[in-house]
Amino acid sequence: MQTKGPSEKQEEGRDIELENIVGNLMIAQYQVDRLRSRLSDRITGLGSATNKKGSTHTFKHGNRWYKITLKLDELTINERQDIE
């Protein structure tokens, strides 16, 4: 009967820890992509309403309420003035 030595157990533990870290990174990247997609969907929906001032989201964290408002304004820059 063979038993694993201390170095083999350390390597196995390190491998499992590495797998967990990589798995967590993959989950975090998926969540970031999902949030970007949701934000993009909400921002692109702003242009369809004519009198809408912006997109507002209200949420509670702990005992405090927070309100986030997004407003997009188009800005044009005259390149000719920048050159002079």
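Predicted model: local features only at pLDDT ≥ 70, side-chain atom pairs only at ≥ 80, totals over all residues.
Guide: A pocket here is an open set of points, on a 1 Å grid over the protein atoms alone, where a 1.4 Å probe fits, with protein on both sides within 12 Å along at least five of seven lines; lining residues have an atom within 4 Å of a point.

Visitor: Which residues line the largest pocket, then?

Guide: Its lining consists of Leu35, Arg38, Leu39, Arg42, Ser55, Thr56, His57, Ile68 and Leu70.

Visitor: Which element gives the most?

Guide: α1 does, with four residues in the lining of the largest pocket.

Visitor: How many helices and strands does the chain have?

Guide: The protein chain has two helices and two strands, arranged along the sequence as α-β-β-α. These are DSSP runs numbered from the N terminus: H or I of at least four residues for helices, E of at least two for strands.

Visitor: How many bridges join β1 to β2?

Guide: Seven, and the two strands run antiparallel. Strands count as paired if DSSP finds at least two bridges between them. Histidine 61 has arginine 64 of β2 as its bridge partner, and threonine 58 has lysine 67 of β2.

Visitor: What's in the turn?

Guide: β1 and β2 form a hairpin with two residues between them. Glycine 62, in the turn, has a positive phi of about 70°.

Visitor: Back to the lining. Where does threonine 56 sit?

Guide: Threonine 56 belongs to strand β1 and is one of the residues lining the largest pocket.

Visitor: Why does threonine 56 count as partly exposed?

Guide: Because its relative accessibility is 40%. Buried is under 20% relative accessible area, exposed is over 50%, and partly exposed lies in between (1.4 Å probe, protein chains only).

Visitor: And what is threonine 56 in contact with, leaving aside neighbours within four places in sequence?

Guide: Lys67, Ile68 and Thr69, where contact means heavy atoms within 4.5 Å. Threonine 56 and lysine 67 are 6.9 Å apart, C-alpha to C-alpha, with a sequence separation of eleven residues. Ile68 also lines the largest pocket.

Visitor: Whole chain now: what percentage of the residues is buried?

Guide: Buried residues come to 4% of the 84 in the protein chain.

Conventions. Residues numbered from 1 in each chain as written. Heavy atoms only, no water.
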